[in-house]
Amino acid sequence: QVQLVESGGGLVQPGGSLRLSCAASGSIFSILGMGWYRQAPGKQRELVATISNGGTTYSADSVKGRFAISRDNAKNTVYLQMNSLKPEDTAVYYCNAISKAAVGVREAWGMGTQVTVSS
């Protein structure tokens with residue numbers, strides 16, 4: 001099993017920056033890839049960015065050029081650097097990990113961290 005703990009959320013003014021962290025523990029050797037999702041009030045959870053074991057990254061169009069996902073393998077941590085934040089980026093941000101299971105794959109989620117963009 002993989003456990004995920006997010007940190008780094010908070011209140012920031014429009015145009016500001018935040019860096020979210022996601023620390024993985026447990027069966028980290030089985031992780032195939034990790035990502036960040038977000039869910040705003042009254043909306044469905046949406047994919048923000050992903051990073052594979054090989055380092056390939058993906059960012060949703062809504063955050064491309066403003067957000068960047070990266071990882072530190074030595075710390076088993078994935079980051080989401082968020083720049084030029086907008087009020088519409090306000091959401092709970094969740095860390096996700098896809099890992100190998102005995103059959104197929106397994107998904108793990110963190111508890112989420114609140115990001116509020118407001119003046």
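Helices (H or I, at least four residues) and strands (E, at least two) are DSSP runs, numbered from the N terminus. The structure is a predicted model, in which local features need pLDDT of at least 70 and side-chain atom pairs count only at pLDDT 80 or more, while totals for chains, interfaces and linings use all residues. Residues are numbered from 1 along each chain as its sequence is written, and side-chain values use heavy atoms, with hydrogens and water left out.

The protein contains 0 helices and 11 strands. Read from the N terminus, its elements follow the order β-β-β-β-β-β-β-β-β-β-β. The radius of gyration (taken over C-alpha atoms) is 14 Å, close to the 14 Å given by the globule rule for 119 residues, so the protein is as compact as a globular protein of that length. The globule rule is 2.2 Å times the number of residues to the power 0.38. The C-alpha trace spans about 45 × 30 × 25 Å along its principal axes.

Of the 119 residues, 39% are buried, where buried means under 20% relative accessible area, exposed over 50%, and partly exposed in between (1.4 Å probe, protein chains only). The accessible surface of the protein is about 6400 Å², and carbon and sulfur atoms contribute 51% of this surface. Accessible areas come from the Shrake-Rupley method with a 1.4 Å probe; for residues, only the protein chains shown count as cover. Contact is defined as heavy atoms within 4.5 Å. Among contacts between residues at least 6 apart in sequence, 53% join residues at least 24 apart.

There are 11 positive and 7 negative side chains, and the centres of the two sets are 4 Å apart. Lys and Arg count as positive and Asp and Glu as negative, with His and the chain ends not counted. The place of a charge is taken as NZ of Lys, CZ of Arg, CG of Asp or CD of Glu.

The structure holds 1 disulfide, defined as a pair of cysteine sulfur atoms within 2.5 Å. The disulfide is formed by C22 and C95, whose sulfur atoms are 2.0 Å apart. This pair links distant parts of the chain, with C22 in strand β3 (residues 18-26) and C95 in strand β9 (residues 91-100), 73 residues apart. The torsion about the S-S bond of C22 and C95 is about -85°, so the disulfide is left-handed. Both C22 and C95 are buried.

V48 belongs to strand β5 (residues 46-52) and is buried, at 1% relative accessibility. Apart from neighbours within four places in sequence, V48 is in contact with W36, Y37, R38, Y58, S59, A60, V63, F67, L80 and Y93.

The loop between β8 (77-82) and β9 contains D89. D89 is buried, with 1% relative accessibility. Not counting residues up to four places away in sequence, D89 touches R38, R66, F67, S84, V115 and V117. From D89 to V115 the C-alpha distance is 7.6 Å, at a sequence separation of 26 residues.

S84, one of the residues touched by D89, also lies in the loop between β8 and β9. Its relative accessibility is 40%, and S84 therefore counts as partly exposed. Most residues other than glycine have a negative phi. In S84, phi is positive, near 50°. N76, likewise not a glycine, has a positive phi of about 50°. N76 is placed in the loop between β7 (67-72) and β8 and is partly exposed, with a relative accessible area of 29%.

At 24% relative accessibility, G112 is partly exposed. Leaving aside neighbours within four places in sequence, the contacts of G112 are E6, V92, Y93 and Y94. G112 and W36 are 76 residues apart in sequence, and their C-alpha atoms are 9.8 Å apart in space. S119 lies in the segment after β11 (113-117) and is exposed, with a relative accessible area of 83%. The C-alpha atoms of S119 and P87 are separated by 8.8 Å, the two residues being 32 apart along the chain.
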